[in-house]
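Thanks for coming. Please have the structure open as we go.

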Amino acid sequence: MQMMNPPFLRTKHRISPYLFILLVFILFVSFIYGHNFIFIFRQHHHHDTHALFSTTPERSKQQKVAAFAVGKTAEEGGCDLFSGRWVRDELTRPLYEESECPYIQPQLTCQEHGRPDKEYRRWRWQPHGCDLPTFNASLMLEMLRGKRMMFIGDSLNRGQYVSLICLLHQFIPEDAKSMETFDSLTVFTAKEYNATIEFYWAPFLLESNSDNAVIHRVTDRIVRKGSINKHGRYWRGADIVVFNTYLWWITGSKMKILLGSFNDEVKEIVELSTEDAYRMAMKSLVRWVSMNMDPNKTRVFFTSMSPSHGKSIEWGGEPGGNCYNETTPINDPTYWSSDSQKSIMQVIGEVFRKSRVPITFLNITQLSSYRKDAHTSIYKKQWSPLTPEQLSNPVSYADCVHWCLPGLQDTWNELLFAKLLYP
């Protein structure tokens, strides 16, 4: 007796070659971008910030926390990406080599300027209970397609800007990218993506006597009240904006504020406390964003204060020292580098809570405070020749404000990338 094949074997089904190619393409894309697609397709509508930016209970009930966590849902509380620890990672760090990125300023090229150790490049930020999505340059460039992204602020924001370009530029053909500088504005163009990533020098955001992009190292700093439009006219039309301002406000307990114009023959100047002057600037920023940015089209970010490490005694080191010769992060999870940063952060929280336009807060302050090892220290181009006295005492001229690239600021951009994946 002849055995009959089951019905599903008796009929031959031919798959269209076009369908086969489509299926292969889908599998390939899923393999390459699968991890990031998880984050894209989990739709949440929360604009979360640090605990200092807490909202009222009524407002909190209406918000959902974006779940970046692995195996953790939004209903379980989500994850604070800015709370975590630094872990040593030799497999994925650094994310690029210093010699591979021609856009790094000589003030940030630590290896080129003789830094003997490389451990500062091998640390990865690990949030408690979850993981940062892996930075995906191809996906980031797709998100930027047809868009204009701007970093606006001081040299620390410029460092983050350069870091992002270093993370992206190797995925762009040599003849399809360019960088040009026009006074206060630097523009990196990715031609195939019809995208620009720009940096605009405005250390106070408002008009000041430090606005010259080349000659701005003045000690008697003056900021003009209500003058944000002086620079803001160049920011209109951007699709993604990353603001920062902090370092230049810390000139002492008082800040000089100009009430009229820099062109006035007799200038009316008042002095405000640092907190009140900073509050004035933040109110101007929020007002400008509300009037000029459409939240349905533009993402607005604000990067918090970048810490410095000028006194090693603050983390248990020897008196008279600073970041010079520091090669490991601070292990104390409760360490906070400056009370002034806490007070400024409180000012930001007070003002931003009243903003009608969502401003995503990139709270890099605490996680960066641990990284006393990541500064440029003495391994950078010096602005002026060093004296014999300075050369005999490297601590005296170590830069404990700016950061080596590659390094810490790449993590800032990983956090920015994560927040771009979530509205």
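**Disulfides and cavities**

Cys79 is buried, and Cys130 is buried too, where buried means under 20% relative accessible area, exposed over 50%, and partly exposed in between, with a 1.4 Å probe and protein chains only. Before going further: this is a predicted model, in which local features need pLDDT of at least 70 and side-chain atom pairs count only at pLDDT 80 or more, while totals for chains, interfaces and linings use all residues. Residues are numbered from 1 along each chain as its sequence is written, and side-chain values use heavy atoms, with hydrogens and water left out.

Cys79 and Cys130 are joined by a disulfide, S to S 1.9 Å; the term stands for a pair of cysteine sulfur atoms within 2.5 Å. The torsion about this S-S bond is about -50°, so the disulfide of Cys79 and Cys130 is left-handed. Cys79 sits in the loop between helix H3 (57-62) and strand S1 (84-88), and Cys130 in the loop between strand S2 (123-127) and helix H4 (137-144), so the pair ties together parts that are 51 residues apart in sequence. Helices (H or I, at least four residues) and strands (E, at least two) are DSSP runs, numbered from the N terminus.

Next, Cys110 and Cys404. Their sulfurs are 2.0 Å apart in a disulfide. Where do Cys110 and Cys404 lie? Cys110 is in the loop between S1 and S2, and Cys404 is in the loop between strand S14 (399-403) and helix H11 (408-421), so this pair ties together parts that are 294 residues apart in sequence. With a torsion of about -95° about the S-S bond, the disulfide of Cys110 and Cys404 is left-handed. Both cysteines, Cys110 and Cys404, are buried.

Cys323 and Cys400 form another disulfide, S to S 2.1 Å, and both Cys323 and Cys400 are buried. In all, the structure holds 4 disulfides. With the bonded cysteines numbered in sequence order, the pairing reads 1-4, 2-5, 3-8, 6-7.

Now the cavities. A search of the whole structure finds 3 cavities of 30 Å³ or more. On a 1 Å grid over the protein atoms alone, a cavity is a set of points where a 1.4 Å probe fits but cannot get out, and lining residues have an atom within 4 Å of a point. The largest cavity holds about 80 Å³ of space, a volume being the space filled by probe spheres set on the points. Its lining includes Arg93, Tyr120, Trp123, Arg371 and Asp410.

Terms used. 1 Å grid on protein atoms, 1.4 Å probe; cavity = no way out; pocket = protein on both sides within 12 Å on 5 of 7 lines; lining within 4 Å.
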